[in-house]
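Work through the exercises below with the sequence and the model open. Each task is followed by a solution in steps.

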Amino acid sequence: MSKQFIPFDLERFMSIWENQVDYNLSESGVHPLTMRELVQDPKVLDEILNTTLGYPQTNGSIELREKISAIYPGTTIDNVLVTTGAAQANFTSLWTLLAPGDEVAIMLPNYMQIWGIAQNLGMKVNTFSLKEESGWALDIDELNRAVTPNTKLIAVCNPDNPTGHIFTPAEMDAVVAAARRAGAWLLADEVYAGSEREGDSVTPSFWGRYEKVLAIGSMSKAYGLPGLRVGWVVSPAPTAQELWARQDYITIGTGMIDNKLAAYALSPDVRPRLLQRTRDYVRQGYQNFEDWASQHPGVFSWVPPQAAAIVFLRYHAPLNSSQLIENLIQVKRTYFVPGDHFGLDGHIRVSFGLSRQQLEEGLNRLNTLLQNA
């Protein structure tokens, strides 16, 4: 184990501040649905209200695993483990497949959960980057240096949090080739697939491109249902059994109502509606952001995100990003996520999946603080 525990700064800071500020622009999803918005069929709502609140099957109900399996060609319910959000899926995957001293390669900038878990479990972490100067393209040379013959797992996020970058086919091929060369597991966090800003095709999964893939999904981001706390891992069937065995020690399983609602949300008649709602938020929200930015030239530079209701902004002030945000909280009661919580200082992540008024006022407060920095 690591000598000193590394806290998950992003989640801890969000938990402390997101409900204490006037303007919270830290979320990475769109505005969540209400129960009434989700369940529009009175018969289905009645069925849910009559559900007995017992334990579901602890690896996920058959109904829900069937709906998830339908998203990933070539799978059955035996390939699917339902988890308490993607966060538990990530933790259980590392606990199952790796041991202290193992080497992992992690993409940056990124949601830093896996980076922190790996170090806290005593693993060696190598990193490789998406490059801002190349439009957040993958640095394939850096990837190939980070992945060595000793690498046991490669972790990527596609579409990426915080940049919104979607891998090109060539980038996906490069990641798979690196994993195959090392014989490593490939953990692909794909929770933003379905939140594309341009086009209506869901971002392709890494599933099916290589025999040692863990495809991580969630109801939180592309579906606008974070309160369900439902995620999943799609993996080879024997691996799904191993993951399930570890889950028995952690959460046992998700809730009965969560399983029911997630299965309904992923049904063929409902899933397209939810994805379109998310894309509408993403597209209108980004337009609102661009409208504001066009009236405030020179404040930020950025690469337009290809997916997700977030934009990763480079700001032009000589301040550490965490210090900048702490000042913003104290002086302007406004909160964004600092870039160093993603492994890249000098940036902030801005949520635009909210109302135009909230977005503009939050950005105005940030701009005022930067002008006086």
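## Exercise 1: the largest cavity

Task: Sort the residues that line the largest cavity by class, then give its volume and its lining.

Solution. Step 1: the lining of the largest cavity divides into eight nonpolar residues, three polar and one charged. Here Ala, Val, Leu, Ile, Met, Phe, Trp, Tyr, Cys and Pro count as nonpolar, Asp, Glu, Lys and Arg as charged, and the others, Gly among them, as polar. The model is predicted: local features need pLDDT of at least 70 and side-chain atom pairs count only at pLDDT 80 or more, while totals for chains, interfaces and linings use all residues. Residues are numbered from 1 along each chain as its sequence is written, and side-chain values use heavy atoms, with hydrogens and water left out.

Step 1: the space in the largest cavity is about 80 Å³. On a 1 Å grid over the protein atoms alone, a cavity is a set of points where a 1.4 Å probe fits but cannot get out, and lining residues have an atom within 4 Å of a point. Grid points are joined across faces, edges and corners, and a volume is the space filled by probe spheres set on the points. By this rule there are three cavities of 30 Å³ or more.

Step 2: the lining of the largest cavity includes Asn90, Tyr111, Trp115, Cys157 and Asp189. Helix H6 (113-120) and strand E6 (151-157) are the elements that give two or more residues to this lining. Helices (H or I, at least four residues) and strands (E, at least two) are DSSP runs, numbered from the N terminus.

## Exercise 2: the largest pocket

Task: Which residues are closest to the centre of the largest pocket, and which elements contribute to its lining?

Solution. Step 1: about 750 Å³ of space lies in the largest pocket. A pocket is an open set of grid points with protein on both sides within 12 Å along at least five of seven lines.

Step 1: 36 residues line the largest pocket, and Glu27, Ser28, Gly29, Lys221 and Pro226 are the closest to its centre. Two or more lining residues come from each of helix H1 (9-17), strand E1 (23-24), H5 and strand E14 (347-351).

Step 2: by class, the lining of the largest pocket has twelve nonpolar, 16 polar and eight charged residues.

## Exercise 3: helix H9

Task: Check the length of helix H9 (residues 237-250) and find its buried face.

Solution. Step 1: the expected span is 1.5 Å times one less than the number of residues. For the 14 residues of H9 this should be 20 Å, and the end C-alpha atoms are 20 Å apart, which agrees.

Step 1: Thr239, Ala240, Leu243 and Gln247 are the buried residues of H9. Seen down the helix axis, they fall within an arc of 100°, so they line one face of H9. The arc is that of the directions from the helix axis to the C-beta atoms. Buried means under 20% relative accessible area, exposed over 50%, and partly exposed in between (1.4 Å probe, protein chains only).

Step 2: Pro238 and Tyr249 are exposed on the other side of H9. The cover over the buried residues includes strand E2 (80-83), helix H5 (85-97) and strand E7 (185-189). Contact means heavy atoms within 4.5 Å.

Step 3: Ile252 follows H9 and has a positive phi, near 65°.

## Exercise 4: Ser195 and Ala308

Task: Is Ser195 buried or exposed, and what does Ser195 touch?

Solution. Step 1: Ser195 sits in the loop between E7 and E8. Its relative accessible area is 2%, so Ser195 is buried.

Step 1: leaving aside neighbours within four places in sequence, the contacts of Ser195 include Ala222, Arg279 and Ala308.

Step 2: Ala308 lies in the loop between strand E10 (300-301) and strand E11 (310-315). Ala308 is also buried, at 1% relative accessible area, and has a positive phi of about 80° although it is not a glycine.

## Exercise 5: cis peptide bonds

Solution. Step 1: Leu108 and Pro109 are joined by a cis peptide bond with omega about -10°, and Pro109 is in the loop between E3 and H6.

Step 1: from Asn158 to Pro159 the peptide bond is cis, with omega near -5°. Pro159 is in the loop between E6 and helix H8 (169-182).
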